[in-house]
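Look at the sequence and the model shown here before reading on. The paragraphs that follow take one part at a time.

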Amino acid sequence: MSSTSTQPFPPTHIVNATSPHTHTAILIHGRGSNGQEFAQELFDTKLSNQVSLAQKFPTWRWVFPSSRELWSTAFEEDLPAWFEAHSLTNINDRQDLQLPGISESIKHLNAILDEEIARLGGISENVILGVQGGWERL
């Protein structure tokens, strides 16, 4: 099995703004999940005032890309993952398996970022990239 895939990336799950679009959040799921599943989990969670993030930020477009399924050498099965991680405790172990998936995923995510920035008239500071475990403002 290979840590790269010739299959296209699955469709991106999108929740459109319910008011005029001013911001975009691109939220990237973790290993073993997908964009639609991550969106459902996120929006099923209510804030302290019993509203969802989508309700709290009606001018935001929510973009949930999905990774491909890759062969996991750690789990010995195909799993949704942005790249292969041979060891979950040593990120330096078998980096040769990581690099192809990282490269392919970066190209895919850059295309989504470019599209969302263009939708906002080039205002990149209104695009938020959320990665499970952290946030990055572009």
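**A pocket, a helix and some single residues**

By class, the residues lining the largest pocket comprise 11 nonpolar, nine polar and one charged. In this scheme Ala, Val, Leu, Ile, Met, Phe, Trp, Tyr, Cys and Pro count as nonpolar, Asp, Glu, Lys and Arg as charged, and the others, Gly among them, as polar. The model is predicted: local features need pLDDT of at least 70, side-chain atom pairs count only at pLDDT 80 or more, and totals for chains, interfaces and linings use all residues. Residues are numbered from 1 along each chain as its sequence is written, and side-chain values use heavy atoms, with hydrogens and water left out.

The largest pocket has a volume of about 450 Å³. Of its 21 lining residues, H29, W82, F83, I102 and V131 are the closest to the centre. Helix 3 (residues 95-119) gives the most to this lining, with seven residues. Here a pocket is found on a 1 Å grid over the protein atoms alone, as an open set of points where a 1.4 Å probe fits, with protein on both sides within 12 Å along at least five of seven lines; lining residues have an atom within 4 Å of a point. Grid points are joined across faces, edges and corners, and the volume is the space filled by probe spheres set on the points.

Now take the chain as a whole. The protein chain has three helices and seven strands, and from the N terminus on they run β-β-α-α-β-β-β-α-β-β. Helices (H or I, at least four residues) and strands (E, at least two) are DSSP runs, numbered from the N terminus. The C-alpha trace spans about 45 × 35 × 25 Å along its principal axes. Of the 138 residues, 37% count as buried. Buried means under 20% relative accessible area, exposed over 50%, and partly exposed in between (1.4 Å probe, protein chains only). Among the contacts in the chain with a separation of 6 or more, 62% come from residues 24 or more positions apart; contact means heavy atoms within 4.5 Å.

Which residues of helix 1 (residues 35-44) are buried? They are G35, F38, A39 and F43. These residues lie on the same side of helix 1, because they cover an arc of only 120° around the axis. The arc is that of the directions from the helix axis to the C-beta atoms. An α-helix has 3.6 residues a turn, so residues three or four places apart point the same way. On the other side of helix 1, Q40 and D44 are exposed. The buried residues of helix 1 are covered by parts that include strand 1 (13-15), strand 2 (23-28), helix 2 (53-56) and strand 3 (60-64). The N-terminal end of helix 1 is capped by N34, which has a side-chain oxygen 3.1 Å from the backbone nitrogen of Q36.

The loop between helix 1 and helix 2 holds Q50 and S52. Q50 is exposed, at 58% relative accessible area, while S52 is buried, at 6%. Leaving aside neighbours within four places in sequence, S52 is in contact with F43, T45, K46 and L47. Q50 has a positive phi of about 65°, although it is not a glycine. Most residues other than glycine have a negative phi.

Further along, P58 sits in the loop between helix 2 and strand 3. P58 is partly exposed, with a relative accessible area of 28%.

R61 is in strand 3 and is buried, with a relative accessible area of 5%. The C-alpha atoms of R61 and I14 are 7.3 Å apart in space, although the two residues are 47 residues apart in sequence. Beyond its neighbours within four places in sequence, R61 has contacts that include I14, V15, H23, E116 and R119. The side chain of R61 also makes a polar contact with the side chain of N16 (2.6 Å). A polar contact is a pair of N or O atoms within 3.5 Å; within protein, one must be able to donate a hydrogen and the other to accept it, and residues adjacent in sequence count only if both atoms are side-chain atoms.

E84 counts as buried, at 1% relative accessibility. Its side chain makes a polar contact with the side chain of R31 (3.4 Å).
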